[in-house]
Amino acid sequence: MNWTEAQRFCRQNYTDLATIDNMEEMKRLIKTVNGSYNGSAWIGQYDDVNSWRWSLEDNDFYQEGERDYRNWNHEPNNIGGRELCVYMHSGYWFDVPCDSYYPFVCYNGSTQIYVLVTQTKKWTEAQSYCRQRYTDLASVRNETERQQILSVTGSGNFGYDVWIGLYRNRLWSDQSNSSFSLWLPQTASVDAQPDNGANVPGEYGAQHCTTVSLKYFGRWTDEGCINRLPFFCYTCEFIYLIL
């Protein structure tokens, strides 16, 4: 089935498409197959490219529509399937991998000002820094705040490219918050995963669903969600492979 059909089948007959929380559960999943299948099969993880949210989650901080303010510049494009965090350049926003290094802007809620930190850090490191010393990484709720941040960072050749608080995670069909992953590294025949179809004709930018590859010992790959594959469902106690 394609991913959506597999999701529907699992919800009707079991609990949902499989969620994997840790390496022990991966071992259980592989043991379920017991060598009977050597291809790829869907699990419940998918990549919703519209699931952006702000690091500062306080509902009282946002008025209606302010969570949804965006100022992309021909973005987001999720090149390589790993661009889950956002930096600002001259007021415009770009998605990049979260383990890139940039300066960043913190928001100080007590004084309601933005603070530029020129030290370069990964996004999660910048988030921790801002939360420890101020309130959080900067949210940008409207055009006025975008201009305020620009006045702190500068623009053009004299400005800083900075992390802001916008990010997203890959999601699970059952709404689990599992952050476990086991992506396939570079091999002689396969690019490092996820790659969002970077080198697959007809699938560039369109690989948003996740499979377990039994050929590669349970490592994960991203695939086009319309592809028809076997899939793993789960209940509270068991994982099932549906061929």
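Colleague: Which residue follows α2, and what is its phi?
Modeller: This is a predicted model, in which local features need pLDDT of at least 70 and side-chain atom pairs count only at pLDDT 80 or more, while totals for chains, interfaces and linings use all residues. Residues are numbered from 1 along each chain as its sequence is written, and side-chain values use heavy atoms, without hydrogens or water. Helix α2 covers residues 23-33 (helices are DSSP runs of H or I, at least four residues; strands are runs of E, at least two; both are numbered from the N terminus). After α2 comes Asn 34, with a positive phi near 55°.

Colleague: Which residue caps the N-terminal end of α2, and at what distance?
Modeller: The cap is Asn 22. A side-chain oxygen of Asn 22 faces the backbone nitrogen of Glu 24 at 3.2 Å.

Colleague: Which residues of α2 are buried?
Modeller: Buried means under 20% relative accessible area, exposed over 50%, with partly exposed in between (1.4 Å probe, protein chains only). In α2 the buried residues are Glu 25, Met 26, Leu 29 and Val 33.

Colleague: Why do the buried residues of α2 line one face of the helix?
Modeller: An α-helix makes a turn every 3.6 residues, so residues three or four places apart point the same way. On the other side of α2, Glu 24 and Lys 31 are exposed. The buried residues of α2 line one face because, seen down the helix axis (by the directions from the axis to the C-beta atoms), they fall within an arc of 105°.

Colleague: Which strands do the buried residues of α2 pack against?
Modeller: Packing here rests on contact, meaning heavy atoms within 4.5 Å. The partners of the buried residues of α2 are β2 (40-46), β11 (209-213), β12 (219-223), β13 (231-234) and β14 (239-242).

Colleague: Is Ser 173 buried or exposed?
Modeller: Ser 173 sits in the loop between β10 (171-172) and β11. The relative accessibility of Ser 173 is 2%, so the residue counts as buried.

Colleague: Which residue's side chain makes a polar contact with that of Ser 173?
Modeller: With neighbours within four places in sequence left aside, Ser 173 is in contact with Trp 3, Gln 7, Arg 11, Asp 16, Leu 17, Gly 44 and Tyr 46. A polar contact is a pair of N or O atoms within 3.5 Å, one able to donate a hydrogen and the other to accept it; residues adjacent in sequence count only if both atoms are side-chain atoms. At 2.6 Å, the side chain of Ser 173 makes such a contact with that of Asp 16.
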